[in-house]
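Here is a short report on charged pairs and a surface patch. Read it with the model open.

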Amino acid sequence: MAHHITHIRRLLGWGITLARHGALIGIENDANTPPPVRRLVKLARWISLTGKGRSRDYAGAFRAIGPAAIKLGQTLATRPDLVGPEPAANLLKLQDRLPPVPFALIRREIETTFERPLESLFSEFEEEPVGAASVAQVHRAVTTDGRKVAVKVLRPGVREKFAADIATYEWAAAHLESLGGEASRLRPRMVIANFKRWTLRELDLRREAASASELAEQMHAFHGYRVPSIDWDRTNGRVMTLDWIDGIKISDNAAIDAAGHDRKALASRLVLAFLNQAISGGFFHADMHQGNLFIEADGTITAIDFGIMGRIDRRARQWLAEILYGLTTGNYTRVAEIHFEAQYVPSYHSVAEFATALRAVGEPMRGKPVSELSVGQMLDGLFAITRDFDMQTQPHLLLLQKTMVMVEGIATQLDPSINMWEVAAPYVRDWIRDELGPEAAIADRIRENVKTLLRLPDLVRRIDERVPVKGGAPEDPPLPPMDLIWERRGKGAGWLGYIGAAAAGAALTAGTFAAGLWG
């Protein structure tokens, strides 16, 4: 019972923090909020002595809750359908910045993990960090062989803090999903499972270094985009060392103009770099916010911070490319067909009806610059379709959606007149031609036939006939078993279950879950 009480106490504490920042008002007023959750929201607001008239500081609330909440808040900024346009806009301001850890603790972390004195690794090491975030902080240094580097060091205790918070997310997700209805369709347990995997990767700096190395190989032929090199001798699970970048932050328009760079060209190149990563390579930098992109003296866009990376398999990339191209060209029937082929939409719905619904969302976007589009209205339309057509959320596409929003925002800041569709269409069209054209189809057929021959054709073909075709989502990972409160028997289980359900719903509806690209 103790672990249930711990999770409920933690969720109620978060709820009170949200209430103090006015971040629960939207939940209380939402017609879809379950009555038990609405009552708990009112209770949290009453305990926090906060009235309905308080200004709503969603970013401040997530920052006050802690590191894991900051990461979730940044994700929720891409989901106005879940939190509403106003909270989403406010969460976009949520910067992952925290007071730095004292240098003595950073020194101890480096020396402990390498089992060597700091001076044996670096001839110079600046005690004041150049950046301090929820997971790690970065220091400027010079190696003993004279190279300028950036040294990223995990905050002491951050792994344990994330583990505790994510355990409560899992607990709350299981209780919320068991209530069925809209909560079940959004698949909160699977969303948290994906978030947990992303977080574990971000908390292992050796994995981040490997991601940077892989992305550098993938993008080596793309002119004007660079990934810093990793110093593997000074990198491990808690410390990562990479080339120092001298450049202008991509958000500093005045400095970019003063340096003589073409912002329109930079905006287009950034969009194409993202498409090259996501569509061509299937491996993309999923944390492309303004603080992680720099413009070097020669105009090269350089990326840093590779803790969050996204992957999409080849078949899903083909579907996504066709979806993007179909939306840019107005071929809504083909876009609808792809959704059914990928099993994003249940087969009992009509392809023609779904195509008409897509047209209602897509037509207002075509031929207009981003500055004339209402992204909020567009997303509202897309997510209304997901509900109307019983589409389950696709957690494996969450990072792609988040990154698309980030790239669009930076490109628009560089060039307010940019038309994302016009920039993307030629690239996507050429990729589709190369991947799905006659030559590619023949090459794929030859490759598959050779594989079949090598694996005994008759046996494999008989097995293939019996195995159903997979949909657009990868196979779901196993979820940890969860002991639900209302499955307990004995005195006190009823009232505790009621509080648990309400607490879980309040906290998670307030900002724990973000769904997939279309749901």
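Helices (H or I, at least four residues) and strands (E, at least two) are DSSP runs, numbered from the N terminus. The model is predicted.

**The nonpolar patch**

By that numbering, Leu-43 lies in helix H3, residues 35-47. Leu-43 forms a nonpolar surface patch with Trp-46 and Ile-47. Together the three have about 340 Å² of accessible area.

**Salt bridges**

Side chains of opposite charge can pair when their charged atoms come close. How many salt bridges does the structure hold? The count is 17.

| Pair | N to O distance |
|---|---|
| Arg-107 and Glu-111 | 2.9 Å |
| Asp-305 and Lys-152 | 3.1 Å |
| Glu-296 and Arg-226 | 2.9 Å |

Take the helical pair to begin with. Arg-107 forms a salt bridge with Glu-111. Both sit in helix H8, residues 103-114. They are four residues apart, so about one helical turn separates them. Arg-107 is partly exposed at 25% relative accessibility. Glu-111 is partly exposed too, at 24%.

Next comes the pair of Asp-305 and Lys-152, whose closest N and O atoms are 3.1 Å apart. Asp-305 lies in the loop between strand S10 (301-303) and strand S11 (309-311), while Lys-152 belongs to strand S4 (residues 148-154), so the bridge ties together parts that are 153 residues apart in sequence. Are these two partners buried or exposed? Asp-305 is buried, and so is Lys-152.

The side chains of Glu-296 and Arg-226 also meet in a salt bridge, at 2.9 Å from N to O. Glu-296 is in the loop between strand S9 (293-295) and S10, and Arg-226 is in strand S5 (residues 225-226), so this pair links parts 70 residues apart in sequence. Glu-296 counts as buried, at 14% relative accessibility. The cut-off for buried is under 20%. Arg-226, by contrast, is partly exposed, with a relative accessible area of 29%.

**A network**

Some salt bridges share partners. Which residues do they join into one network? The members are Asp-145, Arg-147, Asp-231 and Arg-234.

Terms used
Residues are numbered from 1 along each chain as its sequence is written. This is a predicted model: local features need pLDDT of at least 70, side-chain atom pairs count only at pLDDT 80 or more; totals for chains, interfaces and linings use all residues. Side-chain values use heavy atoms; hydrogens and water are left out. Patches are made of residues with over 30% relative accessible area and no salt bridge: like charges are joined within 9 Å, nonpolar side chains (Val, Leu, Ile, Met, Phe, Trp, Tyr) within 5 Å. Accessible areas come from the Shrake-Rupley method with a 1.4 Å probe; for residues, only the protein chains shown count as cover. A salt bridge is a side-chain nitrogen of Lys or Arg within 4 Å of a carboxyl oxygen of Asp or Glu. Buried means under 20% relative accessible area, exposed over 50%, partly exposed in between (1.4 Å probe, protein chains only).
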